[in-house]
Amino acid sequence: MFSSLWRISGIKKDIRKNNVVIYHGLSNELPIGINRTGGVTSVVTIHDLIFLRYPEYYKPIDRAIYRFKFGLACRNADKIIAVSECTKRDIVSFFRIPEEKITVVYQGCHPAYGAEVSEERKTAVIGKYGLPPRFLLNVGSIESRKNLRLAVKALKNIPDDIHLVAVGKATPYQREVEMYAVKSGLRQRLHLLNSVTFEELPVIYRLASVFVYPSFFEGFGIPVIEALSSGVPVIAATGSCLEEAGGPGSIYVNPNDETELSKQIMTVLTDRELTETMIESGKEYVKRFSEKTIASAIMNVYESN
């Protein structure tokens with residue numbers, strides 16, 4: 001509680017004491033009254049406004065708090081960084097912020113996802129989690145917005161030797177997915193992993209045949225660039241910013257169309273030439289999300305004030 005109060009207001013004393021020139025709120029908020037802290041330029045990064053796009057996924061009290069904090073930060077900031085063009089459009093639409101105040105700076109992923117993995121390490125991870133020889137991968141909290149059930153539904157039209165591995169934090173929605181899989185006779189092909197370590201996740205990406213991300217809405221979609229960096233072809237959903245994360249070499253489907261998803265999965269699994277093209281295109285595309293590129297873009301925002 002006290003750290004939250006310090007972040008909201010108390011930090012201003014430290015800003016003045018340390019003669020801070022630029023204050024950057026990295027996660028959707030700024031201290032209240034930062035615009036009256038003389039001589040300090042403020043920047044805020046807004047990751048998404050999903051709570052306004054899909055209010056049904058959030059508690060009323062959380063929506064009220066987020067709307068107040070995000071809106072106040074956007075109005076008071078000298079500069080706003082949006083993590084995607086999609087988020088920028090939402091900031092303009094919901095908070096009536098002038099476009100010229102907002103700069104899009106994409107996010108990146110850890111270099112571990114672009115590093116090679118030894119066969120010994122792969123064998124160890126396969127053994128620990130009982131991973132099947134061929135599987136689709138989904139990474140992210142297992143909540144309704146992420147739409148994992150669509151990927152489970154798609155399994156019905158895919159050969160039985162293809163499994164689905166989902167890595168992420170469990171929510172009550174996970175039970176819904178499990179129950180659907182049981183009723184559909186697919187439970188043995190669904191692997192839900194809730195406690196994968198940071199060191200193991202890049203290995204699991206490398207073992208996947210296809211990365212499937214049918215989320216209804218994202219602010220950016222870091223798992224998509226983790227997959228591309230790992231050399232895994234991506235099938236994601238239309239409707240938000242995932243085309244920005246996945247680039248022109250990935251495939252996009254309607255997040256409500258299980259038939260189209262299964263069809264595209266089969267295309268990637270059976271067309272080796274297409275798969276190789278998607279992998280190479282993805283590796284080239286994610287270069288724009290390098291640490292150096294992102295750091296340079298953020299410095300440009302700082303220096304523009």
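Guide: Begin with burial: a residue is buried under 20% relative accessible area, exposed over 50%, and partly exposed in between, using a 1.4 Å probe and protein chains only. The model is predicted, so local features need pLDDT of at least 70 and side-chain atom pairs count only at pLDDT 80 or more, while totals for chains, interfaces and linings use all residues. Residues are numbered from 1 along each chain as its sequence is written, and side-chain values use heavy atoms, leaving out hydrogens and water.

Visitor: Why is Arg36 called exposed?

Guide: The relative accessibility of Arg36 is 65%, which is over the 50% cut-off, so Arg36 counts as exposed. Arg36 sits in the loop between strand S1 (22-25) and strand S2 (41-46). Helices (H or I, at least four residues) and strands (E, at least two) are DSSP runs numbered from the N terminus. From Arg36 to Phe51 there are 15 residues in sequence and 28 Å in space, C-alpha to C-alpha.

Visitor: How many helices and strands does the protein have?

Guide: The protein has 13 helices and ten strands.

Visitor: What makes the radius of gyration agree with a compact globule?

Guide: The radius is taken over C-alpha atoms, and the globule rule is 2.2 Å times the number of residues to the power 0.38. For 305 residues a compact globule would have a value near 19 Å, and the protein has 21 Å, which agrees. The C-alpha trace spans about 65 × 40 × 35 Å along its principal axes. Of the 305 residues, 51% are buried.

Visitor: How many aromatic pairs does a search of the whole structure find?

Guide: The search finds 14 aromatic pairs. Rings of Phe, Tyr and Trp (its six-membered ring) pair if their centres lie within 6.5 Å; planes under 30 degrees apart count as stacked, over 60 as edge-to-face, and the rest as tilted. For Phe51 and Phe70 the centres are 5.0 Å apart and the planes are at 85°, so this pair is edge-to-face. Phe51 is buried at 2% relative accessible area, and Phe70 counts as buried at 8%.

Visitor: Why are Tyr58 and Tyr66 called an edge-to-face pair?

Guide: Their ring centres are 6.2 Å apart and their planes are at 85°, so the pair is edge-to-face. Tyr58, at 22% relative accessibility, counts as partly exposed, and Tyr66, at 27%, gets that label too. Phe51, Tyr58, Tyr66 and Phe70 form one aromatic cluster.

Visitor: How do you know that helix H9 is largely enclosed by the rest of the structure?

Guide: Helix H9 (residues 222-229) has eight residues, and seven of them are buried, so the helix is largely enclosed. The buried ones are Pro223, Val224, Ile225, Glu226, Ala227, Leu228 and Ser229. Their cover includes S5, helix H8 (201-207), strand S8 (210-213), strand S9 (234-237), helix H10 (242-246) and helix H12 (272-285). After H9 comes Gly231, with a positive phi near 80°.

Visitor: Why is Ala82 called buried, and what does Ala82 touch?

Guide: Ala82 has a relative accessible area of 0%, which is under 20%, so Ala82 is buried. Ala82 is found in strand S3 (residues 79-82). A contact means heavy atoms within 4.5 Å. Leaving out residues up to four places away in sequence, Ala82 touches Ile46, Thr87, Lys88, Ile91, Ile102, Thr103, Val104 and Val105. Arg7 is 75 residues from Ala82 along the chain, and their C-alpha atoms are separated by 21 Å.
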